[in-house]
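Dear colleague,

Please find below the structure that I am passing on to you. A short account of the findings follows it.

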Amino acid sequence: MQNSAWKKQKSCWTSPLIPMTPKKPQQWLQVVGHAGSFHVGDYGTLLKRFCEGEQQCYLRLMEDTLRPFVPAYHGVVQRGEQDYNMMDNLLTHFNTPAIMDCKMGSRTYLEEELVVARERPQPRNDMYEKMVAVDPEAPTVQERAQQAVLKTRYMQWRETLSSTASLGFRVEGFRKANGECQTNFKRTKSREQVVEALDSFVESNTNIVWGYLRRLKQLRQVLEASHFFRTHEVVGSSLLFVHDWTGKTGVWMIDFGKTVSLPPHRTLDHRTPWAEGNREDGYLWGLDNLIDVLANMLPLT
């Protein structure tokens, strides 16, 4: 990639790249995630820093009924010394889109992460600092004395702050078509707060809400029949919402770096409450709640 072809902007979005006008150098903003993980590819593609687990998921998804609901995958390419997974840029066919990332599920860490953290119980100063930055009253007396918290404690505490634990999804961030960017949703927890965030994103446009609802109901139906979905623990994955001024809407599943396959003959229903060992992730429970929240944003007829 030639850096001179891109106008760099202040980052507030780290997910899919936004083409501003056709046949001109594309620009992107970053709202959530790791800066530098994405690059615009050629011919409407997106390059994401290589992750083998994500590659394997996309290869399986290309053969699954979920294929229309994920970016089309085009293999691995190399830029410089870095490998990238190449996939469709989902924003290519939108005109100055608004985009939102919703993290799905009742937890955003794998069970195996808890196991590893318990095997090596190392108090973390960095996680303590993150905790007190959000809630100075959260640490226990012992944690305050140590100025550190265990990773297991931090991971489980973090999920209780937002609607992840209470609704099975959370708004990570969004960017409106006018460039307004919002990412401060770490403590957006109640249904009322979530409605306020979603209404701000759609700018009270009921046609956009209807478009999203139709797509989400289609997705739910396909998820319930998907072999891939019932045989994978889907953690840390997001739904990407996209709409533009023409009223066009789209929703896709993205981010499969923490999605792992289950042992043979084991399946999940993605609605059963999580108890350590059952590997349930709450994805469909969260989708049910998200659909319900959006439906209740529509006027009564």
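Predicted model: local features only at pLDDT ≥ 70, side-chain atom pairs only at ≥ 80, totals over all residues.

The face of H7 turned away from its buried side carries Glu192 and Glu196, both exposed (over 50% relative accessible area, with buried meaning under 20%; 1.4 Å probe, protein chains only). Helices (H or I, at least four residues) and strands (E, at least two) are DSSP runs, numbered from the N terminus.

Residues are numbered from 1 along each chain as its sequence is written, and side-chain values use heavy atoms, without hydrogens and water.

The buried residues of H7 are Val194, Ala197, Leu198, Phe201 and Val202. Seen down the axis of H7, they fall within an arc of 130 degrees (taken from the directions from the helix axis to the C-beta atoms), so they line one face of the helix. Their packing partners are helices H6 (163-167), H8 (206-225) and H10 (283-295), together with strands S5 (98-104), S6 (169-175) and S9 (238-243). After H7 comes Glu203, with a positive phi near 55 degrees.

Elsewhere, Thr259 lies in the loop between strands S10 (249-254) and S11 (260-261). Thr259 is buried, at 4% relative accessible area. Beyond its neighbours within four places in sequence, Thr259 is in contact (heavy atoms within 4.5 Å) with residues including Cys57, Phe228 and His232.

As to confidence, the mean pLDDT of the protein chain is 88, but pLDDT stays under 50 over residues 1-30.

With kind regards

Conventions
pLDDT = per-residue confidence, 0-100.
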